[in-house]
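Let's explore a protein model together, one question at a time. Have a look at it first.

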Amino acid sequence: MLIQSIKYYIASFAGFRREVWILALVSLVNRAGTMVIPFLSLYLTNDVSFTYAQVGWVMSAFGIGSLMGSYLGGKLTDFIGYYPTMVMSLLLSAVLFVVLQYVKSFEFFCLSIALLMTVADTFRPALFVSLKSYSKPENRTRSVTLIRLAINLGFSVGPAAGGFIIANMGYGGLFWIDGITCFLAGLMLLGLLSNKQSKADLDDSKLQSTGKRSPYADKLYMIFLGVVVLVGISFLQFFSTVPLYYRDVHQLSEQSIGLLLGLNGALIFIIEMPLIKWLEDSKWSIMKVLIISIFLFASSFFLMNMTSWSGVLVIGMFLMTFGEMLNFPYGNRFAMDRAEKGKMGAFMGAYTIAFSIAHVVGHNAGLQMVSRIGFEATWYIITGLLVIGMAIMLYLKTLLKKEEISSE
């Protein structure tokens with residue numbers, strides 16, 4: 001049984017093209033160094049002495065920058081190709097991460113974080129489009145999962161190491177590591193991956209693009225993106241309000257918070273690839289997986305209000321992680337499947353814009369709610385948003401069936 005499980009796990013990594021592995025390696029290096037983001041709310045309250053309300057506005061600026069970057073990334077990808085877009089994003093982000101540590105005023109920090117995220121998040125639409133190009137149709141969902149695996153492996157190392165660095169070097173060290181790893185990821189992309197395929201795909205897409213459909217004219221896609229926003233608002237609480245909940249309510253240290261957040265990445269590293277392969281082999285529908293994932297997200301928040309026992313934080317992290325493992329690969333696959341030839345940048349840009357909207361609204365709204373009505377009421381409201389998301393997804397499932405019937 002053990003040998004069969006090991007063989008199945010290894011088989012879940014088979015069949016990828018070399019380029020997909022390179023992108024996974026670049027994502028691993030880049031994400032392992034992105035230590036500032038999970039600790040940003042703690043850094044701003046501890047070192048810079050911002051209030052919760054001010055941190056909320058910083059997080060909104062973070063989201064606005066992410067939104068602009070997602071839109072710009074989609075446009076650049078369709079205009080100059082995914083390869084130069086990714087390289088420029090990584091190299092420029094390296095400089096901006098280092099500079100950010102020297103910004104202390106509230107207004108300038110908001111502007112600086114918005115600029116940083118505008119540059120950094122041009123990377124995401126380009127990465128998704130490159131996966132469409134480099135992955136085979138039969139393993140496209142697993143290709144997305146492999147990239148997520150690399151990102152989350154980096155994320156499992158990053159927060160744990162980040163907590164250690166903060167304890168020994170202070171927060172300033174995190175900014176330098178973020179900048180250096182972004183720069184290294186850019187150099188790796190330049191050294192290991194050729195621009196030739198990107199140029200060929202760009203020329204091909206311009207020749208074949210019909211220009212008939214914008215993602216914003218696809219009503220079912222817009223409904224789906226509405227759910228993405230609701231899920232994103234909820235999920236992002238784990239990077240702003242939830243760490244504060246760990247510290248203020250359960251009295252966890254920054255190192256303990258880092259280890260708990262790192263558990264998320266470790267679980268994804270061990271479980272996600274074989275789980276996605278099993279779901280693909282079992283022919284589970286995209287919509288079924290997405291609905292179950294939202295239920296798991298809702299359960300993780302609801303559970304935190306059920307007991308004051310700190311062990312519930314680990315259980316909640318397990319539920320959230322399984323929801324994440326199901327939701328993001330299959331949500332990404334749905335977005336890819338809806339994209340029209342020659343419109344990949346626009347469709348994937350819209351998909352990442354939905355997450356950016358969640359950044360604009362989610363962090364600030366969560367922090368404002370926590371400061372006014374407390375953690376318990378906030379978790380109930382977040383649970384309610386996710387229940388609404390489940391209902392919308394069930395409605396979308398019926399609309400997709402009607403669309404499928406009408407197209408036959």
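A cavity is a set of points, on a 1 Å grid over the protein atoms alone, where a 1.4 Å probe fits but cannot get out, and its lining residues have an atom within 4 Å of a point. Grid points are joined across faces, edges and corners, and a volume is the space filled by probe spheres set on the points. This is a predicted model, where local features need pLDDT of at least 70 and side-chain atom pairs count only at pLDDT 80 or more, while totals for chains, interfaces and linings use all residues. Residues are numbered from 1 along each chain as its sequence is written, and side-chain values use heavy atoms, with hydrogens and water left out.

Q: How many cavities of 30 Å³ or more are there?
A: Rolling a probe the size of a water molecule over the atoms shows where empty space is left. Counting by the cavity rule with a threshold of 30 Å³ or more gives two.

Q: Which element gives the most to the lining of the second largest cavity?
A: Helices are DSSP runs (H or I, at least four residues), numbered from the N terminus. The lining of this cavity, whose volume is about 70 Å³, includes F224, V227, V228 and V231. With four residues, the element that gives the most to the second largest cavity is α11.

Q: How far apart are the end C-alpha atoms of helix α9?
A: The expected span of a helix is 1.5 Å times one less than its number of residues. For the 21 residues of α9 (residues 172-192) that should be 30 Å, which agrees with the distance in the model, 31 Å.

Q: Are Y43 and F109 buried or exposed?
A: Buried means under 20% relative accessible area and exposed over 50%, with partly exposed in between (1.4 Å probe, protein chains only). By that rule, Y43 and F109 are both buried.

Q: Which ring does the charged end of K288 sit over?
A: A charge sits over a ring if NZ of Lys or CZ of Arg is within 6 Å of the ring centre and within 35 degrees of the ring normal. The charged end of K288 is 4.3 Å from the centre of the ring of W284.

Note on methods: 1 Å grid on protein atoms, 1.4 Å probe; cavity = no way out; pocket = protein on both sides within 12 Å on 5 of 7 lines; lining within 4 Å. Helix = DSSP H or I, 4+ residues; strand = E, 2+ residues; numbered from the N terminus.
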